[in-house]
Amino acid sequence: MASIAFDLLIGILAFWFGYSANQGGTCLVVAAHELQKRRPPRMFVGFVAASSAAGLIAIPLVWSETLNATLAPSTSVNGLLLIGAIAFGFGAFINDTCLLGSLARLGDGEMRLLALPVGLAIGILTADHGRPGSVATWTSFIASPSIPGAATLFALAVVLGLAVVFVSTKSATRKRPGWAFGASMIGLGITGGLLYALSPAWTFADLIQRGLPLRMSPTGEVALVAVIASVAGAVTASVRQGRLHLQRPTATGIVRSIVGGALMGIGIGLIPGGNDALILAAVPTISPGGIVAYLVMTTTIVFGFAARDRLFRKSQSDAGRE
């Protein structure tokens with residue numbers, strides 16, 4: 001009975017996670033594009049709000065020793081992590097959306113993203129067989145009540161407040177109907193923080209890893225119900241707002257999803273984890289590797305947009321001279 005109740009809790013949290021992701025239109029690629037175009041970094045700051053909310057809900061839960069909740073372990077900064085972050089960034093750029101964005105856009109009916117798991121599986125297998133050893137981790141320094149932990153909670157609360165004020169003042173021209181952007185990001189942070197604390201290996205990427213013949217087998221149980229519930233939440237949000245329109249996949253779109261997914265899979269295997277795990281589990285617990293990986297991912301996508309714009313301008317200039 002306890003197991004059923006726990007699975008139900010995970011399912012409810014995952015449903016609202018998917019709902020929040022779709023409502024907010026959350027995507028690392030969108031955040032990087034805003035930075036590259038020097039627009040107000042609304043999405044980037046929104047992710048800061050989500051990270052802060054995740055930490056504020058997960059850390060006290062772990063301290064209370066409720067439901068065997070745990071914080072994500074910390075990782076160091078090394079060459080493989082940097083390679084993985086760059087690979088993930090380029091993969092998200094090619095796919096035109098990250099893992100969170102894929103969930104949100106799949107809810108809107110972008111069917112080409114159904115090919116993404118194929119690419120993720122290829123990339124995860126490649127990273128697993130190419131990695132020389134396991135990832136070195138250690139327990140987060142705020143995993144138990146302490147003065148540094150309390151200071152971290154206070155800092156997260158301040159950052160959350162400032163981030164919400166910022167995105168609220170930049171959301172007057174919000175195009176997506178539904179929840180306010182700030183509310184969507186807080187909802188994403190709370191549900192994501194709880195999910196990663198209660199069932200760390202709950203995502204679709206974890207489910208894929210469980211089905212692959214990996215040298216380094218993943219640890220922890222995967223809640224299949226969470227994967228299904230998160231997609232259902234994204235679809236429900238889209239239907240409620242009248243945005244669900246099935247988009248027939250093109251050959252180019254499928255190739256982009258597979259190639260982009262393969263690069264993101266390499267990143268997931270080397271970091272380890274995707275942008276969702278970094279934003280909602282690693283960054284809130286001040287993991288050095290997690291923070292650096294997320295920043296490198298974002299920077300890689302920014303450079304990708306800058307290079308694409310430069311090539312586009314050059315081709316236009318060459319066409320004009322002809």
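Begin by selecting Thr 191, which is found in helix H8 (residues 181–198), a helix here being a DSSP run of H or I with at least four residues, numbered from the N terminus. This is a predicted model, in which local features need pLDDT of at least 70 and side-chain atom pairs count only at pLDDT 80 or more, while totals for chains, interfaces and linings use all residues. Residues are numbered from 1 along each chain as its sequence is written, and side-chain values use heavy atoms, with hydrogens and water left out.

Thr 191 counts as buried because its relative accessibility is 8%, buried meaning under 20% relative accessible area with a 1.4 Å probe, protein chains only. A polar atom of the Thr 191 side chain lies 3.3 Å from the backbone oxygen of Leu 188. Now show Leu 13, Trp 16 and Phe 17, with which Thr 191 is in contact when its neighbours within four places in sequence are left aside (contact means heavy atoms within 4.5 Å).

Next, select helices H2 (residues 28–36) and H3 (residues 42–63), which pack at an angle of about 130° with their axes 7 Å apart. On H2 the contact is made by Leu 28, Val 30, Ala 31, Glu 34 and Leu 35, and on H3 by Arg 42, Met 43, Phe 44 and Phe 47.

Finally, move to helix H12 (residues 275–282), where eight of its eight residues are buried, among them Asn 275 and Asp 276.

Key
Helix = DSSP H or I, 4+ residues; strand = E, 2+ residues; numbered from the N terminus. Buried < 20%, exposed > 50% of the residue type's maximum accessible area, 1.4 Å probe, protein only. Polar contact = N/O pair within 3.5 Å; in protein donor to acceptor, adjacent residues only side chain to side chain. Axes fitted to C-alpha atoms, helices over the stretch in contact; angles between N-to-C directions.
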